[in-house]
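Please keep the sequence and the model at hand while reading.

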Protein chains: 2
Amino acid sequence: MNNFSSKLLETAVNELAKLPGIGKKSAVRLALHLLRQNTQEVESLGNALIKMRNEIIFCKNCFNISDTEICEICNNQNRDAGLICVVEDVRDVMAIENTAQFRGLYHVLGGVISPMDGIGPGDLNITPLLLRIEKQAIREIIMALSPTMEGDTTNFYIYKRLKNIKVLVTTIARGVSIGDNLEFTDEITLGRSIVNRLPYESTFNR
Amino acid sequence: MNNFSSKLLETAVNELAKLPGIGKKSAVRLALHLLRQNTQEVESLGNALIKMRNEIIFCKNCFNISDTEICEICNNQNRDAGLICVVEDVRDVMAIENTAQFRGLYHVLGGVISPMDGIGPGDLNITPLLLRIEKQAIREIIMALSPTMEGDTTNFYIYKRLKNIKVLVTTIARGVSIGDNLEFTDEITLGRSIVNRLPYESTFNR
């Protein structure tokens, strides 16, 4: 049964319902919201999405999303080009940039090795990473993948591939989150935070 | 601080974040999802929204969303044109159509009277409703507004305006939902369901 009195509305709702996390009811709500907006506002939404998809470029160096062939971060002369932070996707770049604690460059893998999802090393930007390390004067790569089995597998795979290349491989610290209650921290994180304990003085002036 | 490595991405995220119920994080997730789709898919989404907004028409008779000047429901000769169901918005039309229990026509008010939100009778399609009732041979209007104070106010306002017009005004039944547990039903609904009790035989063959 077709409950839409308008094909235009139905088409828009079906398109919106394709988005992840948006069901049919939310799609109807969004479509009716858009109907109450000015035509210009709806046009700027629709055109922003189309323009983004059509014109976006992935940086040739680090595979970050970019408007240019080499992204702003890779092009920034004030950043440490000898330090690469390896991340899963673009959201991780944003999250780390938000901390304002990292002044090196990135390398976006585009995922992690996950045999269950059919994602092997060949599907990720791993070979370009090895080429970067060989060709550019990279002294350290920081693995900043999720602490999941897939993340750990990917860490280990890259670590093995880098064995004969002279570069320091580090991983981001795992530990109890700031503000977290010890009793609610999972055992593995708490355990690692004890094993990787730091001299108390080293935490001053952070 | 600008954390987006791409203005195109940033613009798209900002546009998506204007939608109700979609925060910045969800907007980023949606934008990155769209980047992984084909250009055609993103174009069909964007264009569906723009086309809907630019071309949609509200039915001149009932104010339902329509692709034509008079909507499919009003144009349907098989429906009972003497019976009008008055609803708040287009979603209610869809919900009632889904029940397949109503074969009359609708009248979409476009809201309810809500002094708190600055919505008075003049902002709603009430005068066109009165004109319909006067000009067309309407024998009954069913008020199907939400059981809120605003809905009740609107019901009463319309009822008063209709006092000198010969038309039967009814409201949809309030009662315990089918499948609902009595002990979890609120007192007002339960109270009304006792006051408006029905002969048991009348519930047969529904």
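## Two positions with positive phi

In chain A, A:Ala100 sits in the loop that leads from helix 5 (90–99) to strand 4. The structure is a predicted model, and in it the phi angle of A:Ala100 comes out near 55 degrees, which is a positive value in a residue other than glycine. Most residues other than glycine have a negative phi. A:Ala100 counts as exposed because 9 other C-beta atoms lie within 10 Å, and the cut-off for that class is 12 or fewer.

B:Phe63 belongs to the loop between strand 1 (57–58) and strand 2 of chain B. Is B:Phe63 buried or exposed? With 22 other C-beta atoms within 10 Å, B:Phe63 is buried, since the class begins at 20 or more.

A:Cys71 is placed in the loop of chain A that runs between strand 2 (65–66) and helix 4 (72–75). This cysteine is buried, because 25 other C-beta atoms lie within 10 Å, and 20 or more are enough for that class.

Which residues are in contact with A:Cys71, once its neighbours within four places in sequence are left aside? They are A:Cys59, A:Cys62, A:Asn64 and A:Ser66 from chain A, together with B:Ser5 from chain B. For A:Cys59, which is 12 residues away from A:Cys71 along the chain, the separation of the two C-alpha atoms is 5.2 Å.

## Domains and sheet of chain A

Chain A is divided into domain 1, covering residues 7–55, and domain 2, covering residues 76–172. The centres of these two domains of chain A, taken over C-alpha atoms, are separated by 35 Å.

Chain A has an open sheet of four strands in the order 4-3-5-6, with parallel pairing. Its edges are formed by strand 4 (104–108) and strand 6 (168–171) of chain A, each of which pairs on one side only, and the twist from one strand to the next averages 25 degrees. Strands of a sheet pair through backbone hydrogen bonds, either parallel or antiparallel.

Within this sheet, strand 3 (residues 80–87) and strand 5 (residues 140–143) of chain A run parallel and are joined by four bridges; A:Leu83 has A:Glu140 in strand 5 as its bridge partner. Four bridges also join strand 5 of chain A to strand 6 of chain A, and these strands run parallel, with A:Ile142 having A:Thr170 in strand 6 as its bridge partner. Together with helix 7 (residues 149–161) of chain A, strand 5 and strand 6 of chain A make up a right-handed β-α-β unit.

## Sheet of chain B

In chain B, four strands form an open sheet in the order 4-3-5-6, and the pairing is parallel. Strand 4 and strand 6 (168–171) of chain B are the edge strands, each pairing on one side only, while neighbouring strands of this sheet are turned by 25 degrees against each other on average, direction ignored.

Although strand 4 (residues 104–108) of chain B is an edge strand, it is mostly covered, with four of its five residues buried. Strand 3 (residues 80–87) of chain B runs parallel to strand 4 of chain B, and five bridges join them. In this pairing B:Gly104 is the bridge partner of B:Asp80, and B:Leu105 in strand 4 stands opposite B:Ile84. The chain passes from strand 3 of chain B to strand 4 of chain B by way of helix 5 (residues 90–99), and this β-α-β crossover is right-handed.

## Contact between the chains

How many residues of chain B are in contact with chain A? The count is 47 residues of chain B, in contact with 47 residues of chain A. On the side of chain B that touches chain A, at least two residues each come from helix 1 (7–17), helix 2 (24–35), helix 3 (39–55), strand 2 (65–66), helix 4 (72–75) and helix 5 of chain B. Helix 3 of chain B supplies the largest share, 15 residues.

Sorted by class, the side of chain B that touches chain A is made up of 24 nonpolar, 13 polar and 10 charged residues.

Key:
Residues numbered from 1 in each chain as written. Chains lettered and ligands numbered in written order. Predicted model: local features only at pLDDT ≥ 70, side-chain atom pairs only at ≥ 80, totals over all residues. Pairing = 2+ DSSP bridges. Right-handed = clockwise from strand over helix to strand, strands pointing away. Contact = placed C-beta atoms within 7 Å. Nonpolar A, V, L, I, M, F, W, Y, C, P; charged D, E, K, R; others polar. Domains from an automatic or database assignment. Axes fitted to C-alpha atoms, helices over the stretch in contact; angles between N-to-C directions.
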